Amino acid sequence: MSRTTPAGPAAGNGGITTWKGHMRSSRRSAAAAALLMAGALALAGCAKGGGGGPVASAGGTPVQAQENKAVSAITVGGAEESRGPAPAVPGSKRGGTVTMIDRDDFSHLDPGRVYVNYLSTVSLLFTRQLTGYRQENGRLTLVGDLATDTGTTTDGGRTWKFTLKEGLKWQDGTPITSADIRHSFERLYAPFITEGPTYVQQWLVEGDYRKAYEGPYDGMSLDAIKTPDDRTVVFTLTAPHPDFNFTVAMTGYGAVPKAQDTKERYDRKPFSSGPYKIASRVTDKSMELDRNPHWDPATDPIRNAFPDRWHMEFGVQAQNSTDRFLADSGADRTTMTFHNPLSPERVQEVVGDPSAMARSVRGLTPYTTFYNINTKRITDVKVRQAIIKAWPAKQIQLVHGGEANSGKIATTVLSPTVIGYEAFDLYGTLAKPTGDPEAAKALLKEAGQPNPTIVYAYNQTPTQEKVTVAIREALTKAGFKVVAKPLNAGTYYDAIGPVDNGFDVYWGGWAADWPTGSTAIQPLFDGRLIADNATNYSHLNVPEINAGIDAANAITDPVEAGKAWAALDRKIMEQAAVVPEYYRTYFGLYGSGLGGVEFDPMTGLQYPLNVYVK
Amino acid sequence: MTDATREREPAAWSGPGPFLSVRDLSVEFATEDGVVHAVDRLSFELEKGTTLGIVGESGSGKSVSTLAVLGLHDPAHATVTGEIWLEGRQLVGADERVMEGLRGDAVSMIFQDPLSSLSPFHTVGRQIAETYRKHRGGGRREARARAVEMLARVGIPHAAARVDDYPHQFSGGMRQRVMIAMALVCDPGLVIADEPTTALDVTVQAQILDLLTELQRESGTSIILITHDLGVVARSARRVLVMYAGRAVEEGSVREVLREPRHPYTWGLLGSMPRLRSDVDLPLLPVRGTPPSMLAPPPGCPFHPRCDHRRLVPGDACAADRPELSPAEGHRDACHLPLARKREIFDGEIRGRL
Amino acid sequence: MVRFFLRRVAGAAMIMVIISVVTFVLFYAVPRDPARAFCGKICPPQNLALIRHNLGMDDPLFVQYWHWLAGVFTGRDLPQFGECAAPCLGYSFATREPVFSAILDRLPVTLSVTFGAAVVLLTFGVVTGMIAAWQQGRPLDKIASASSVIGASLQIYFVGPLLVFFAVDTLGLLPRPAYVPITEDPGRWFVHLLIPWLVLSIIFTANYTRMTRSVMIEQLAEDYVRTARAKGMSGRTVFLRFAWRGAMIPIVTIFGVDLATLLGGAIITEQTFTLHGIGELAVRAVQNTDLPMLLGVTLVGAFAIVTLTILVDVLYAVIDPRVRLR
């Protein structure tokens, strides 16, 4: 349900996260492992700032309904909720400088090129969208950000109208107009914008959006966006998209001023519409933000801007930042991190230290991991179900460092952070977390294949080698013959990308782009999207599911749509297209001199907007 | 030695006794295998302005004893006992700073291989000048002028230009001249030349020896000439000391020792040297056997295991008693054979073959 | 001398071209698509094609190389990034920074770390080695030799955090390691880099102690050293002026080789202390499949090593007139 994915494997652009939002790679394994470990703590019911705090269910007890409590708190607000200022934070104070340390610099700041969670987090400070998420006491509300409300549609989601608030200004004091918004969307068609989300681009034109339009820089404009006056923007989509107002909450659809658009160079220094502007920036080293005097809190229902300045330092490894937070001395007391998780070897120390725990941020991220089952190769659903039955979920979790260092064992495709999520456990994984070889054997017998061969491809890292041993043992016990194929970490995606990849089972991960089922399910399980290097790695192509996706996409009521997506989740699990692995969690620290540091369930990271210097 | 402006006149020694007197000098080295008795109760004297040749095989203690004169043995490993009197001063056990002041000034040394013995990293001028400045003080320019003067004096052409050259830019003979210039820069009373010509061509050898003789004549320096080459001794020295296994076995004037050698080892040395006029049909008379180990030198006369004449001494005294140098003065040798018997053997068996 | 120099420089240029070709070929030999780094989480195929075109990756390999090489001398106009003035090493795939300025920007950090550590290790290593040689066999020699063994067995990533913990966090003796430009404040530059220098040099220092000790002992047995003593030079003069001069040759030789290793150590040191140097760039370039940065860093590294080799040769000539160039 986030705009992007939390730190995963990224072979990508040095960004904090995956560029594909899936698959583990050794380079990122430290970050990934560090993320994993946060799990158990959230599970212990101590999640803070939303994101859900499911109760541990090690004994195989039924999944508790409260797991998705925080999620059901996500609501779609109206004009009332969209009014500024942002909800008050008790005890907060204005002034001071907050330091932010992290491993990586922000690879992109041009909104059109932002797709990863970490970039979205920093963008909250200076980039505004038409809509956004207001966070208050762990409850999330979709509200109008630049717009007066969350948009209106009268035809089931095909035409969307947004009205800009009054008094919106850029950092130079010029007004933010509908022409700027229109420009912000049109420029996404320019050839240099390739990294961001592409939903809206595809929804506004027919056919290949790259061929249809090349951006506004040569004077051409897009007919699908109309600006009847300075404060009104109307989008006409080629098909209904009832959750379009969620889509435009992505940083990728943030506002860029027409007069200040430096095209390629905008990425280096974007123009602010938010409470801060970039004062200086040294790539890979530091960035300074100071107040944008033209930002009016009365227009902004989302952003509290307590500190006067932000000082950001990059290149700090998780181990290093953890030690600094634990030492909590000098300027580090007013330091936080957006992304750097607790380093795994310090988890036990922190858990046993109440003063450190008081300065920790924990929560369930929108990121889920799973093992794809190649349905093109394993065509018999009973064989696929047997794999899930036999799967050694608990053993794998132990390899990853036990519950404390890994995520919560997953049993569904949807993450608990998605609207409408329903907890279910079709294969009794939580009851028998070490696998049920007898049940698997029975399924294989029914399928008439008592000893099918499974080609398991994995990243050749020490951890993955151990995971592979566990998988091989468990599947062999159920009668499978396992052929393990180690892959080079650097080329893992290239190897599993082709439809005809020759493997049966391989790891993957995903996070929805916004908290409805559409981006959690469609990219992964819409059979019409199967192509080389596409996201449907299980190659599932079931007409009933494809039709179900279309139907769910057409439902305008978020709650009803949520139910439809949950039903699809169950269908996909019945098809056994993936073996769910974890709902991942985040666990990080911050300095004792800060207040209001919260978990952001949208990004799965620390949340900057309510932070204040004590 | 003729420059009257100098404070000290090292060559003008006129005190009682000889210019250099070495008495009962012993040098022992402690090694992992045991104690090496490199020099064993060596005594000799050197008159002012004369040359003493010390001959002997490698390892006979020639170099070790002269290094003891300079006090160059590391006290951590070497034990030096006995007495060394230079101009009435006892050098054994003298303070290191006193010795530093003497080295290069009152006593200087010329080494065998001028290429390895000169610093490859410094110009010859600097090497000469620093010796001068160390002992005489004075500024760089004065010292440099002195270096040029010395180079010219030892016969290096274009000395003023070559003073800034490095040793590797000189030929072997020229390098040895540089060594000599360096040794003589402070007009030392005593120069110890350790095999100064061994590494040189025969023609150059003669030039170097002539140069040394000439310089000695000019400044009245005393020279100890260490060599294993009796030809060199014959040419340059007045007296000669033959060493074997750390001991003096024969001593006398060059004429006495070369014409009428008395010790069987000296016979062997002379016999191993080819002569232009000798009969080509007669084989040389090399000393049989090998030099003894200095870790455990033979008792009695150290030469007895190699001596062809020990059976002539009754009671095998050669293996039991150490023969002392005798007579007390003049041509002396250390052998149990009576003098007459030695003369007889030399005249009868040896002379004809030399 | 001039001819020798020109020859060496020409040779160095050749080496750099070869290294760049090898890097280029190796980069493309790996079946991995850097274009994907420029594509979103959901990456439509037409976007991938567009990116490949923007990056010039749809040209044949040798054309790409030629464009790159020409850019070094004449600059380039890159569609994805804009104008790039000569010497243009391209733009980083990951940060979109011009590679050349990124490297120039970080060079002072790496140079400070490397050369500072070199000074520390030479000072400590050589001085303790000389003390050990001077005091050969005596207690000081044994202490120096033993501590060198301990030093050699330590590791940067172990000593680094430990030293920070004690010297910075616990005792507050030194500020947290960071890079302050020397032009800005030499004093702060010094104190902030002290810990990295110590940590990086500590593993090398031991080698230099051992080596200096043994070559000094060797030199002290040389004929010309004996001559110097026979001239009346004091033990100290002989030790420092004569023997040391000879000992410098092997030390400089090994140091020339070690400088490359030291650069490698600087990478780990930069990682350990969060210093923004070339090492950090190199690690990122590999992580990010960032060819232009990888090429740039590789070439700068090669350039540094080749230059240092020439410098070491020149240093030989300064120390030893026997190899003085004509």
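A: What follows describes chain A, with its sheets and its last-numbered helix in some detail.

This is a predicted model, in which local features need pLDDT of at least 70 and side-chain atom pairs count only at pLDDT 80 or more, while totals for chains, interfaces and linings use all residues. Residues are numbered from 1 along each chain as its sequence is written, and chains are lettered from A and ligands numbered from 1 in the order in which they are written.

Chain A has 20 helices and 21 strands, where helices (H or I, at least four residues) and strands (E, at least two) are DSSP runs numbered from the N terminus. Of its 614 residues, 61% count as buried, a residue being buried if 20 or more other C-beta atoms lie within 10 Å of its own, exposed if 12 or fewer, and partly exposed in between, with C-beta atoms placed from the backbone. Two residues are in contact if their C-beta atoms, placed from the backbone, lie within 7 Å; among contacts in chain A between residues at least 6 apart in sequence, 76% join residues at least 24 apart.

Strand S14 of chain A (residues 453-459) is mostly covered, with five of its seven residues buried. Two strands pair if DSSP finds at least two bridges between them, and S14(A) pairs in the parallel sense with strand S15 of chain A (residues 481-487) over seven bridges. Within this pairing, A:Tyr456 has A:Ala484 of S15(A) as its bridge partner.

An antiparallel arrangement is found in an open sheet of three strands of chain A, in the order S5-S7-S6. Strands S5 (159-163) and S6 (225-229) of chain A stand at the edges with a single partner strand each, so one side of each is left without a neighbour in the sheet. From one strand to the next the twist averages 20 degrees, where axes are lines fitted to C-alpha atoms, for helices over the stretch in contact, and angles run from 0 to 180 degrees between N-to-C directions. Five bridges join S5(A) to strand S7 of chain A (residues 232-236), and A:Trp160 stands opposite A:Phe235 in S7(A). Across S6 and S7 of chain A lies helix H5 of chain A (residues 178-186), which runs at about 175 degrees to S6(A).

Helix H20 of chain A has 18 residues (558-575), which at 1.5 Å a residue should span 26 Å, and the 25 Å between its end C-alpha atoms agrees with this; the expected span is 1.5 Å times one less than the number of residues. Its buried residues include A:Trp565, A:Leu568, A:Asp569, A:Ile572 and A:Met573. The buried residues of H20(A) pack against strand S1 (75-76), helix H18 (517-525) and helix H19 (543-553) of chain A. After H20(A) comes A:Ala576, whose phi is positive, near 55 degrees.
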